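User: I have a model open and some terms to sort out. Can we go through them one at a time?

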Amino acid sequence: MTDVILETRDMSKEFKGFTAVNQVNLKVERGHIHALIGPNGAGKTTCFNLLTKFLTPTSGSILFNGADITALKPAQIARLGIIRSFQISAVFPHLTVMQNVRVGLQRPLGTSFHFWKSDYTLRALNDAAMALLEEVDLASFADSLTADLPYGRKRALEIATTLAMQPELMLLDEPTQGMGHEDVHRVTELIKKVSSGRTILMVEHNMSVVSGICDKISVLQRGALLAEGTYEQVSCNPQVMEAYMGNTTGVLEGAH
Ligand SMILES: Nc1ncnc2c1ncn2[C@@H]1O[C@H](COP(=O)(O)OP(=O)(O)O)[C@@H](O)[C@H]1O
Ligand SMILES: [Mg+2]
């Protein structure tokens, strides 16, 4: 039996009669890195916004650990452990790297997350922040001004601030977007590393990232699920090739 952490049931979203997401049934398994891919306009971002409660489905439902979260607000699902990392780096440029992680650690999420305010000393907070920086390979940048970091390192910091909120499920919207080859590699390795003991659902365009680290892939086209499976399974699916390349002879590698 599979252990499903996040499930959507016939999830749909209409914008003034236009169906952007059409009866999508997703099952994200606990411990997986699960990718949502599809051509431009397929409904990936809309799906993502529905899952993170920035949008409300027109119909259908969303379950987290078996509980219906369809009517909850973003802050409420964050408290449950669903943390979204923003597409645009959501870190404060004029704080140091260390200060940004500390802000993440102190972000009010609910009573259980306030333990350090009573008992933990400043020192413990710094230790926790440093441990997170080490996890994302940023310890040597602790005192650097965030604005001065290379782009890929900013994404690593963003992942650290997301980890600070103790996610059970991390949602990443195009984590490697706009990156050069080296940064893509570093961030991909980082996602793989931090996925240990967690579940990650990511929207991703870069097929080498998807093929390299994702356990399962759901392909969207015109708002509906077109195919699902491992990279090997979906990349040789004729319908998927057609959706991406307009023919069935091309390869998915390098598609956008
Ligand atoms: N707020 C909105 N109002 C109207 N149409 C929208 C809105 N958001 C998205 N759409 C439409 O829904 C479709 C899916 O968009 P989107 O989810 O952004 O696709 P993707 O992220 O896969 O490129 C597109 O045709 C887009 O124009
Ligand atoms: Mg999008």
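User: Which residue stands opposite Leu6 in β3?

Analyst: Val28 does. Keep in mind that this is a predicted model.

User: What makes β1 and β3 a pair?

Analyst: Two strands pair if there are at least two bridges between them. Strand β1 (residues 4–15) and strand β3 (residues 27–29) are joined by 3 bridges, so they count as paired. They run antiparallel.

User: Which residue takes a positive phi in the hairpin of β1 and β2?

Analyst: Lys16, with phi near 45 degrees. That hairpin has 2 residues between the strands.

User: Why are β7 and β11 called edge strands?

Analyst: Start with the sheet. Its 6 strands follow the order β7-β8-β9-β4-β10-β11, in an open sheet with mixed pairing. β7 (82–85) and β11 (224–229) each pair on one side only, and they are the edge strands. From one strand to the next, the twist averages 20 degrees.

User: How do β4 and β10 run, parallel or antiparallel?

Analyst: Parallel, with 4 bridges joining strand β4 (residues 33–37) to strand β10 (residues 216–221). Here Ala35 stands opposite Ile217.

User: Which strands does α1 lie across?

Analyst: α1 lies across β4, β8 (169–173), β9 (199–203) and β10. Its angle to β8 is about 150 degrees.

User: Which residues surround ligand 1?

Analyst: Among them are Phe15, Phe18, Ala20, Asn40, Lys44 and Thr45. α1 (44–51) and β2 each supply at least two residues of this shell. The largest share, 3 residues, comes from α1.

User: How many residues of that shell are nonpolar, polar and charged?

Analyst: The shell divides into 4 nonpolar, 6 polar and 1 charged. Gly counts as polar here.

User: Why is α3 called mostly covered?

Analyst: A residue is buried if 20 or more other C-beta atoms lie within 10 Å of its own. In helix α3 (residues 97–106), 7 of its 10 residues are buried, so the helix is mostly covered. The buried residues include Val97, Met98, Val101 and Leu105. Arg102 is buried too.

How values were computed. Residues are numbered from 1 along each chain as its sequence is written. Chains are lettered from A and ligands numbered from 1 in the order in which they are written. This is a predicted model: local features need pLDDT of at least 70, side-chain atom pairs count only at pLDDT 80 or more; totals for chains, interfaces and linings use all residues. A residue is buried if 20 or more other C-beta atoms lie within 10 Å of its own, exposed if 12 or fewer, and partly exposed in between; C-beta atoms are placed from the backbone. A residue is near a molecule or strand if its C-beta atom, placed from the backbone, lies within 6 Å of it. Axes are lines fitted to C-alpha atoms, for helices over the stretch in contact, and angles run from 0 to 180 degrees between N-to-C directions. Two residues are in contact if their C-beta atoms, placed from the backbone, lie within 7 Å.
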